[in-house]
Amino acid sequence: MATLDMSRALFSLPNPIYRVSLSSLSLSSVLATSSRHSLSLSTVLSHLHCHRTLSPCISRQTNAQFSGDGEGSESEEFLEGEDEADDSDGGADYDDDAVFGNRTHSLDVDALEEEAKHAVQEYSRSLSRQLSLEDEDGANEFKRRGGKQKKSRITTRNIPDHLLPRVTIVGRPNVGKSALFNRLVGGNRAIVVDEPGVTRDRLYGRAFWGDYEFMVIDTGGVLNISKSQDNIIEDLAITTTIGMDGISLASREAAVARMPTMIEKQATAAVEESSVIIFLVDGQAGLTAADVEIADWLRKNYSNKCIVLAVNKCESPKKGIMQALEFWSLGFTPLPISAVSGTGTGELLDLVCSGLKKIKDPENLDEEENYIPAIAIVGRPNVGKSSILNALVGEDRTIVSPVSGTTRDAIDTEFIGPDGQKYRLIDTAGIRRRAAVASSGSTTEALSVNRAFRAVRRSDVVALVIEAMACITEQDYRIAERIEREGKGCLIVVNKWDTIPNKNQQTATYYEQDVRDKLRVLGWAPIVYSTAIAGNSVEKIIVAANAVEKERSRRLGTSILNQVVQEALAFKSPPRTRGGKRGRVYYCTQAAIRPPTFVFFVNDAKLFPETYRRYMEKQLRSDAGFSGTPIRLLWRSRRKIEKNGARPAAAKVQANVAPRERKLTAAT
């Protein structure tokens, strides 16, 4: 057998040798090992010399210890050679001293950990600035309409959403329900556009007033049955052309005909579960036949609930009283308010809270229960995102229709998995190409896409849904790239798997290979095949998401991490520059989770090219796992350590992110 080089000898040695410090091995035991594994004496001796100089000398841990949260020792050593050593050995294929140095110094590990945290904060701020979403349109529009949204003083309590009382806002289309919802919950959660039929699904949000805390539900506009089909299409702003090319005309008309019924079912479900109903009308438009029908419906079916009649768009208090007079005929006491300026909303909340019961903080709530992983369901239009949500929760939580753009807001739903773990599922609008959205001229669609990206940002795990029969498009790649840049855990859901004809045992293998080739940026993401309409394999989505979240929250012990890094360096050392210099790694630590972030303290980050950084990431994944989550490697340059062990000045931090726009540097 040919003589192995020193790097391969590291992996040829038997496992028992790793369980003890290599520096403590006797020469006889090493020679015995070399004879059993056909290693030359010179190779083994050089291998032994290498590991006697490595510091810290870390013993191999068991698998259980490998994934634990243990920290490294308080005082660890690292090696640092002089710069002249790099210049003198320019022709060597592998020079261990060039990577680890030839002298040892004692370092303050706490100081290094502090620097690592600082590096992560700097990088996160820099990345956040680059990924900041263009939300200013909604905020500027709100300011143009009237004014400042005052942030309420919120005292958060650990009360789960399902225990809070519900307050539902109902009314005909375009009376300002979403604007009032945003006013009560404090933010731009709901899309507000000056056109009817924007809101379709139920939208939930927490609200506070005094000692009361409750959930506010925004609903779609309730239409009266006396309207013709053409008027319904106009009121709901439904298009039968955009995004419906592959659907027959009969199916389009049937979907449009069912849309009002679906919206009213969502509103009815919201009213059923609520304790207080805010019946909203338009003071500027005056009393309409639709208002009378809704009032009769509420009085007939929900007289046992607290119903508050709010007359919206009454910006002037004096004129508001006059505008509210004609609504006395509905049988409720009208209250003039303005959702945009906030006029009268204090009195409205007083009336709402009078019909609510105070909820006490539940006892014996563990801190772990406060953290609820959020799973965002994203993808192109009509791939089955809403169907997956409905299949998971076991009810028609969102409207499912072949009409493109049915879902508009980001819909949050609490869900309890089979293992009792709570999740927050977020259904989002379909994300089309930016050029297609711009050419359509639809403000509603632009805001819907904006909400979808914001849902990705506030989620923990993202389920990227693709259609089985459709090819992976450039837009799928763009969404995948955004997920990776946001640092979110991800799983790829291949929906409508039943539409693949003539499936066999190799179909999934070939399909997975195709997905991996086209979505290389998510090469670490697990793939789940499902048919949401029939409810097949949807439970695997939650199982996979739970596993991804655990990997994303895992912390690797410092000692184990440095062991993995040293093995990776021994197998493949950083390349030399033309001047003969080579990068050296002094210390490595995991500074953050969600996503796992590792900080490498090196002599010069520029000496580690992009290819070597990808190699180090690959080695971390193969040795330590982290399936389903992106990992970030930050490379922190340090000046030459002084002999007295003084803390060096901070230098630059570089992150190993993908090429193109993801190359970031953050100065500390």
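**Ground rules**

I'm working with a predicted model, where local features need pLDDT of at least 70, side-chain atom pairs count only at pLDDT 80 or more, and totals for chains, interfaces and linings use all residues. Residues are numbered from 1 along each chain as its sequence is written, and side-chain values use heavy atoms, with hydrogens and water left out.

**Entry: the sheet with β4 and β8**

I started with an open sheet of six strands, and I wrote down its order as β4-β5-β3-β6-β7-β8, with mixed pairing. For the labels, strands (E, at least two residues) and helices (H or I, at least four) are DSSP runs, numbered from the N terminus. Two strands count as paired if DSSP finds at least two bridges between them.

Which strands stand at the edges? They are β4 (203-209) and β8, and each has a single partner strand, so one side of each is left without a neighbour in the sheet. I also noted the twist, which averages 30 degrees from one strand to the next. Angles here run from 0 to 180 degrees between N-to-C directions, and the axes are lines fitted to C-alpha atoms, for helices over the stretch in contact.

Next I looked at the partner of β4. Seven bridges join β4 to β5 (residues 212-218), and the two run antiparallel.

A reminder to myself: strands of a sheet pair through backbone hydrogen bonds, either parallel or antiparallel. Here β10 and β11 pair in the antiparallel sense over six bridges, and Thr413 stands opposite Leu425 in β11.

Then I went along β9. Six of its six residues are buried, so β9 is largely enclosed by the rest of the structure. The cut-offs: buried is under 20% relative accessible area, exposed is over 50%, and partly exposed is in between (1.4 Å probe, protein chains only). In a regular strand the side chains alternate between the two faces of the sheet. In β9, Ala374, Ala376 and Val378 are buried on one side, and Ile375, Ile377 and Gly379 are buried on the other.

As for neighbours, β9 runs parallel to β11, joined by four bridges, and Ile375 stands opposite Leu425. β9 also pairs with β12 in the parallel sense, over five bridges; there Val378 has Leu464 as its bridge partner.

**Entry: salt bridges**

How many salt bridges does a search of the whole structure find? I got 26. The rule is a side-chain nitrogen of Lys or Arg within 4 Å of a carboxyl oxygen of Asp or Glu.

I checked Arg206 and Glu213, whose closest N and O atoms are 2.2 Å apart. Arg206 is partly exposed at 23%, whereas Glu213 is buried at 4%.

Lys313 and Asp282 are joined too, at 3.1 Å. This pair links distant parts of the chain: Lys313 is in the loop between β7 (306-312) and α14, and Asp282 is in strand β6 (residues 276-282), 31 residues apart. Asp282 is buried at 7%, and Lys313 is partly exposed at 22%.

**Entry: a surface patch**

Last, I found Met322, Leu325 and Trp328 forming a nonpolar patch on the surface, with about 350 Å² of accessible area together. Patch residues have over 30% relative accessible area and no salt bridge; like charges are joined within 9 Å, nonpolar side chains (Val, Leu, Ile, Met, Phe, Trp, Tyr) within 5 Å. Areas come from the Shrake-Rupley method with a 1.4 Å probe, and for residues only the protein chains shown count as cover.

Is Trp328 buried or partly exposed? Trp328 is partly exposed, at 48% relative accessible area, and sits in the loop between α14 (317-324) and β8 (334-336).
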